[in-house]
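Please work through the exercises below with the sequence and the coordinates at hand. Each task is followed by a stepwise solution.

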Amino acid sequence: MLRQEAIDTAEKYYLPVFGRLPIVLDHGQGCKVYDMDGRDFIDFLDGIAVNCLGYNHPVIVKAVAEQAAKLMHCSNLFYTEIQAKAVRVISEITGMDRVFLTNSGAESNEGALKLARKYGHQKGGEKKYRIITAKMSFHGRTMATLTATGQPHYQEGYNPLPGGYEYVPFGDIEALEAAMGDDVCGVMLEPIQGEGGVHVPPEGYLKRVRELCDKHDALLIFDEIQTGVGRCGAWFEYMNVNVKPDILTFAKGIGGGFPMGGFAVPEKLARVFAPGDHGGTFGGNALACAVAYAVVTTLKAEGIVPKVKEKGEYFLSKLRELQAKYPEKIVEVRGRGLLVGFETSKPGAPIVASCLEQGVIVNCTVGNVIRMVPPLIVSKEEIDKVVAALDKALENF
Ligand SMILES: *Cc1c(COP(=O)(O)O)cnc(C)c1O
C-alpha cells in the first residue's frame, strides 16, 4: 500500500472516532518514529506516555519473541512462572502487597472502582457508595470510568450513567471537605492530571485528601496510569509527594507498548473481593507479563527512573526560557519529570502542526495545553531539538 491508500482504507473501515494526523507510521527506533515515506519524527507523545523505553527496545523485542514462541496465553485458571515474576516486581515498584492485572487503563480503574464499592458495602452497608473524583480528570472510556471522568463532554449521550459519582475542583481541599461524608466509599484522583491539561495540585493537597479519606473510612484511589512507572521521576508520583493511596492503578508505561495495566493494594484490602468477585480472560497473560517484566527490570537495571527527574527539570527550565521569550503566548509551564506541558493563550493546534512539519511530535490536550511525554530514555540533545522546534513554532504563533 502507498501512504494515501493506507489512509483511505483506514478511513473507510475504522469507526471515525479519532481525529488523526495524516501520517502513516511504519517503524521506530529509540525516540524516533518513521512514516511510510521514510520521514522521521522525534516522538514526544510516545504513544501517549506508553513507550517508556522508546521504540524497538531490544529487551522488549526479545521478551515478546521468546515468550510468543513459548506460551502466549493460557487463562488465569493456571499459574505461569512469568506472571509470578511479573507481579513480584510490580508489587516491589508499586510498594503494594497485591496486584491484579488488566489490559488497559480503563479496565484498571473499573476494577478499582468496583473494589471501592465492595469495600463500602462491607464497611457501611448499601449506603456507603458515593465516589468522588475531580473536575478535569480523565479515567477512561468504559461506562463507569467515563462517569468518573469529570469532563462532561466525555459523558454526553451516554445517559443514564452509573449513579453515585460526584466531582470537585482539583486542588481545592475545602470543596472536597464539604463533599465528604461517611457514605463515601472512594475518592479517585490523578496525583497530576494528564489529559486534563498537566495540572500539578498545590503542595500539601494530596496529604489533606489522605487525611479526609482516613477520617471517613473512604478508599483513596490514585489513578497513576499516566504518572506512574517512572514518568514523574519516581516509580509512582505518590512517592514524590509521600502520600500512599489505598488503591494504585497503572497501565500505559507498564507494557512499554504492549497493552497492559492493573491495580495494586495493600494486604488489608486483599480480600475485599472474594474468589469469583472479579476477573478477566486476558489480564496478566503470559505475553503481557513477559513484556512488563522486561520493562520493569530494564528500567531498574539501567537506573532510568532517577534520571527522569533531572531530565524533566532540564526540560522545564528550557520551557520557562521559552515562556520568558514569548510571555504573551505561553501562559504557564507545568509538570513533573517527563510529564510536562505549557498552556497557550489561544488554541494550540498550530504549534502541533508546525512541530510536525519540523519532524517533532507533540500533543495538544484540552485545546490549549501542549503536552509532552517523551520516552524515559530521551537524551538532553533530543530535548534541545524539540525546544528549538517549539521556539520556531511559537515565533509565528
Ligand atoms: C490514559 C488514561 C486512562 C485510560 O487508559 P486506557 O488504556 O486508554 O483505557 C485512565 N486514566 C489516566 C490518568 C490516563 O492517562
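Predicted model: local features only at pLDDT ≥ 70, side-chain atom pairs only at ≥ 80, totals over all residues.

**Exercise 1.** Determine how helix H11 and helix H13 are oriented relative to each other, and describe their contact.

*Solution.* Step 1: H11 spans residues 304-325 and H13 spans residues 380-395; their axes lie 11 Å apart and form an angle of about 20°. Step 2: angles under 35 degrees count as roughly parallel, and H11 and H13 are therefore roughly parallel to each other. Step 3: the crossing of H11 past H13 is right-handed. Step 4: the H11 side of the contact consists of Glu310, Lys311, Tyr314, Phe315, Lys318, Leu319, Leu322 and Lys325, which meet Lys380, Ile383, Asp384, Val387, Leu390, Asp391 and Leu394 in H13. Step 5: sorted by class, this contact of H11 with H13 comprises 8 nonpolar, no polar and 7 charged residues.

**Exercise 2.** Decide whether Thr365 is buried or exposed, and list its contacts beyond four places in sequence.

*Solution.* Step 1: Thr365 belongs to strand S14, residues 363-365. Step 2: the relative accessible area of Thr365 is 7%; buried means under 20%, so Thr365 is buried. Step 3: with neighbours within four places in sequence set aside, Thr365 contacts Gly194, Glu195, Gly197 and Arg371.

Notes
Residues numbered from 1 in each chain as written. Heavy atoms only, no water. Axes fitted to C-alpha atoms, helices over the stretch in contact; angles between N-to-C directions. Helix = DSSP H or I, 4+ residues; strand = E, 2+ residues; numbered from the N terminus. Parallel < 35°, antiparallel > 145°, perpendicular 65-115°, else oblique. Left-handed = near helix turned anticlockwise from the far one by under 90°. Contact = heavy atoms within 4.5 Å. Nonpolar A, V, L, I, M, F, W, Y, C, P; charged D, E, K, R; others polar. Buried < 20%, exposed > 50% of the residue type's maximum accessible area, 1.4 Å probe, protein only.
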